[in-house]
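Thank you all for coming; today I would like to walk slowly through one structure, looking at how its charged side chains pair and at the space left inside.

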Amino acid sequence: MATLKFSKTHEWAKIDANIAVIGISDHAQKALGDIVFIELPKIGAKLKANAQFGTIESTKAASELYSPLSGEVTEINKELLNNPQWVNESPFERGWMIKIKVENSNEPSSLMDEAVYKEFAAKEAH
Amino acid sequence: MAVQKNWRLILDKKNDGYLNMAIDEALLYSYLATKLPTLRIYGWNRPFISIGYNQDARKILKPESKIPFVRRFTGGAAILHDKEVTYSITCSLEDLDLPREVKKSYEKICSFIKEFYKHLGLEAEFAKYLFSENIGRYENFCFSSYEHFDFVINGKKIGGNAQRRKHNVIFQHGSIPQEINFNMVYKTINNSIGAAAKTSSLNDLLSHKTDFDKLLSLLSSSFESCFNIKLFQSNLSREEEASSRMFLEKKYRQTHWNFEKKQV
């Protein structure tokens with residue numbers, strides 16, 4: 001059973017065994033507006049938790065994407081590069097960005113679960 | 001209310017595009033360490049193209065163009081910088097009490113530019129209140145495409161702005177053209193023909209030549225009055241100068257950055 005976790009920088013990680021699928025939250029895509037470009041890492045790239053893994057451009061703003069977990073990139077959503085609007089339309093499904101092999105099984109516990117994240121995002125908006 | 005902080009003003013000179021982008025990026029990294037918000041105002045010492053972070057120079061620029069170009073670290077589209085006043089703002093969301101939403105943050109930050117235009121006797125309105133169609137449509141040339149919080153005066157867009165967001169830091173720079181050489185634009189940027197019908201400049205709107213130094217001063221005083229912030233004038237720190245030199249040599253003067261978006 002996959003577990004959905006969120007970071008303070010508004011990325012989500014769906015973790016199943018030692019593989020995490022990563023994207024940005026619905027709250028984040030709404031704040032960004034219409035997404036026109038996405039830049040993702042190469043397969044094999046080693047990511048550190050909270051370090052930048054890509055950029056996302058909306059409304060002439062290039063915003064940095066941060067990995068919620070450490071690990072090696074095993075897959076990227078290549079179709080998303082040509083369809084960046086999927087992040088707006090379907091942030092948790094078609095808008096997924098990368099898959100990583102999780103390096104440290106303790107790291108997910110430092111992330112927020114959905115209810116806590118929703119509260120966090122709502123507070124931040126005010 | 002915004003947290004009252006000291007804001008630094010850097011009234012810079014006219015530089016080439018490589019150095020201008022290197023200084024801007026140095027200011028972003030400097031903020032992460034110093035938390036000192038900065039308004040920098042600067043110019044360009046020769047015609048220079050900047051392309052957006054995600055643009056492909058080979059697709060955007062005409063191969064026969066002899067005008068140098070630099071890739072920005074901010075989003076958006078290509079600009080031919082020449083006779084213009086350019087500003088950059090480096091701050092956190094809290095420094096200006098900015099909303100997290102990108103569009104709303106532009107609205108708030110750009111309000112000082114509206115005030116600047118007002119002092120010049122120009123009534124600027126945000127594009128979103130004037131146009132419902134073609135907002136956000138991508139064009140190679142920045143001044144030909146309207147975003148919600150671009151300014152429109154007398155039916156034409158003036159200037160353009162772009163952001164980089166790094167953690168909680170917002171970096172925004174923008175261009176306020178004194179004059180636009182459309183022939184040069186058409187000879188340099190693909191698919192830019194017809195831009196003269198969509199965009200304008202200060203000299204055009206005011207029917208006289210504007211003075212760069214006076215505009216610098218007016219822009220900084222408009223910032224102070226709009227945000228109720230007292231700016232203190234300063235220069236780049238030694239660390240920022242060193243960091244600018246590093247970005248200049250390792251990044252902005254490098255073909256693999258400007259063409260391929262690759263860093264050394």
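This is a predicted model: local features need pLDDT of at least 70, side-chain atom pairs count only at pLDDT 80 or more; totals for chains, interfaces and linings use all residues.

Let me start with Glu125(B) and Lys114(B), whose side chains meet in a salt bridge at 3.6 Å, N to O, a salt bridge being a side-chain nitrogen of Lys or Arg within 4 Å of a carboxyl oxygen of Asp or Glu. Glu125(B) sits in strand β7 (residues 125-126) of chain B and Lys114(B) in helix α3 (residues 102-119) of chain B, so that the pair links distant parts of the chain, eleven residues apart; helices (H or I, at least four residues) and strands (E, at least two) are DSSP runs, numbered from the N terminus.

Residues are numbered from 1 along each chain as its sequence is written, chains are lettered from A and ligands numbered from 1 in the order in which they are written, and side-chain values use heavy atoms, with hydrogens and water left out.

How many salt bridges does a search of the whole structure find? Over all chains there are 23, and one of them joins Arg40(B) to Asp12(B), with the closest N and O atoms 3.0 Å apart. Here Arg40(B) belongs to strand β2 of chain B and Asp12(B) to strand β1 (residues 7-15) of chain B, 28 residues apart. Arg40(B) is buried at 0% relative accessibility, and Asp12(B) is buried at 15%, where buried means under 20% relative accessible area, exposed over 50%, and partly exposed in between (1.4 Å probe, protein chains only).

In chain A, Lys46(A) and Glu72(A) form a salt bridge at 3.8 Å, N to O. Lys46(A) lies in strand β5 (residues 46-47) and Glu72(A) in strand β8 (residues 71-76), so this pair ties together parts 26 residues apart in sequence. Lys46(A) is exposed, at 62% relative accessibility, whereas Glu72(A), at 34%, is partly exposed. There is also a network of salt bridges that links Lys60(A), Asp150(B) and Lys157(B).

Finally, consider Arg71(B), in strand β4 (residues 69-71) of chain B, which is buried yet has no salt bridge, the nearest side chain of opposite charge being Asp56(B), 5.7 Å away. The side chain of Arg71(B) does, however, reach the backbone oxygen of Phe259(B) at 3.2 Å.

Definitions and conventions
Lys and Arg count as positive and Asp and Glu as negative; His and the chain ends are not counted. A polar contact is a pair of N or O atoms within 3.5 Å; within protein, one must be able to donate a hydrogen and the other to accept it, and residues adjacent in sequence count only if both atoms are side-chain atoms.
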